[in-house]
Structure formats: structure tokens, C-alpha cells
Amino acid sequence: MDTAQNPDSDHKKTDPPSSASAYLDPNYWNQRFSNEEHYEWFKDYSHFRHLMQSHIKPNSSVLELGCGNSQLCEELYKDGIIDITCIDLSSVAVERMKERLLSKGYEEIKVLEADMLDLPFSNECFDVVIEKGTMDVLFVDSGDPWNPQPATISKVMAMLEGVHKVLKPNGIFISITFGQPHFRKPFFHNAKFTWSIEWSTFGDGFHYFFYILRKGRRCLDDEDSIEKIQMPSISLYHEELEGEDYIFQTNIEELNS
């Protein structure tokens, strides 16, 4: 069962901040991770495991951006993926994640304090990079989603450029988000990047998006095909969204305003 929907799960739910801009404050995250054992953004692994398994091989080297206190790396490890590196900007999240993984015997998983906007890795060193709700934080103060503010564009591009740099040839970037393709397309299709773009959806009442960007596989047909696909409408099932964090609900309200 999704821990975000299970009142008996093993984490203490953190009260939402007074505004979405708090998500850009490192102090907010340190305080939150000090009190919260576990939280899953955009559903837990069981909802998209079939999609992961279609694109990640057991011998893949994987980088997870913004691991927080998610159990994603543990679930990947249980599926036989051993070479995993997790990063987070919060020193509290990193230390608590290290302690949790060691207590469960997952010594091979590496956890580092690092900024996803300035990745401390060499070129072409990962087969897979995953972000799950992490990029969405960069959009909390973006303003009009159809015309994001320059500061937002700069941060998102810095993240994507770093991801593109550390991916091996034919490596894949997996982005799990509620951001619809017509909002993500201008970033993913920037001329700086060589990746192809495809996506799947998961969820019941609301569609979450699972993007797969494969480095070195871009072709001219990508720009045309993405225009032809009709997007599913946003269906706001209360029981599906009630477990989601404040940042999610705030952005949904903006999209429907």
C-alpha cells in the first residue's frame, strides 16, 4: 500500500509549510527530515515498478537525484540493482538515509550530500539517472507554467545539463512527475540535448508521468510526434490526491486556475 495513503505507515506526517516557496529553503528540508521517517512523492515503487524494470538492467549504474527519505533506492536494490548512488542537498537527509540503509544491510548503496544543479561526477559515468518529484521543486515559484520565470528556466536547465553530462552514451534519464508534456517539452527538447523522449502514465484518477529520455537517440521525428499525442485530462480524485504533499496540491491549483 502507498505509505502516503496509509495512516498506519511508519512515518510522521510533516505539517505543510505556509507557502510553496518554503520548498526552496534548505532549512525547511533539514527540519522536515529531522522529524519525518519516510515520505513518497507521486506514489511508491509498486505503482511504476513495471516501468522501471522495462528500462533498467541489474548491472546498471544508477544515480538518484534528491533521495530525501524515499525508499526508492531500497526497492531498486531488492530488484537486483546494486550500483546505486543517491544524492540530496540536505545533510540531515543524507545522514539519516545512510543510517537507515546500513541498518538494513544495504552497504553497497552510496549516499552523498550534493547539489543536483552542480553534480560532482565525471562525464558519462551513469547508465541511469532518476528523479522523482525533485525537479518539480524547481517550479514552485515559476509563475505562469506556460511562461516560466527566467530564474526557474536557469535552474531547470542547469539540472538537465548536469544529467545529460553524467549519462553514458545511450544512458537514460527517468523523470517521475505530474508535469505534463506540454510543460516539460520546451526543456527536454532544448537543442543542447541529444536524448529521445517518450513517456508513460500511471495512477488511477490522476495521471502521473514517467518520462524516459535516452541520450544520443534524438531524431527529428521526436518534435513532430510529441505534438500529435493527446494528453489525458486532469481528473482530480480526492482520495488519490489527499496523501500528496502541499507542493503537489499547490501546483495543481495553479494549473486549473
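Modeller: The answer below begins with the chain as a whole and then turns to the core and the parts around it.

The model is a predicted one. The chain contains 10 helices and 7 strands, and 51% of its 257 residues are buried. Of the contacts between residues at least 6 apart in sequence, 73% link residues at least 24 apart. The accessible surface amounts to about 12000 Å², with carbon and sulfur atoms accounting for 48% of that area.

The largest nonpolar core has 43 residues. Those that touch the most other members are Phe48, Met52, Ile56, Ile84, Ile130, Ile174 and Phe210. Two or more residues each are supplied by the helices α1 (26–35), α2 (49–53), α3 (72–78) and α4 (91–103), and likewise by the strands β2 (84–88), β4 (126–132), β5 (167–177) and β7 (208–214). Helix α4 gives the largest share, 5 residues.

Leaving aside residues up to four places away in sequence, Ile130 touches Met52, Ile56, Val62, Leu63, Glu64, Leu65, Leu72, Leu76 and Ile174. Three of these partners, Met52, Ile56 and Ile174, are themselves named with Ile130 among the residues that touch the most other core members. Apart from this core lies another, of 29 residues, which includes Leu63, Val166, Leu167 and Ile197.

Strand β6 (residues 196–202) runs antiparallel to β7, and 7 bridges join the two. Within this pairing, Trp199 has Tyr211 of β7 as its bridge partner. The hairpin of β6 and β7 has 5 residues between the strands, and Gly203 adopts a positive phi near 115° there.

The structure holds 0 disulfides. For Cys67, the nearest cysteine sulfur is that of Cys86, 4.8 Å away, whereas a disulfide would require the two sulfur atoms to be within 2.5 Å. Cys67 counts as buried because its relative accessibility is 3%; Cys219, at 34%, counts as partly exposed.

Notes
Residues numbered from 1 in each chain as written. Predicted model: local features only at pLDDT ≥ 70, side-chain atom pairs only at ≥ 80, totals over all residues. Heavy atoms only, no water. Helix = DSSP H or I, 4+ residues; strand = E, 2+ residues; numbered from the N terminus. Buried < 20%, exposed > 50% of the residue type's maximum accessible area, 1.4 Å probe, protein only. Contact = heavy atoms within 4.5 Å. Areas by Shrake-Rupley, 256 points an atom, 1.4 Å probe, with all protein chains shown as cover. Core = buried A, V, L, I, M, F, W, Y, C linked by side-chain atoms within 4.5 Å. Pairing = 2+ DSSP bridges.
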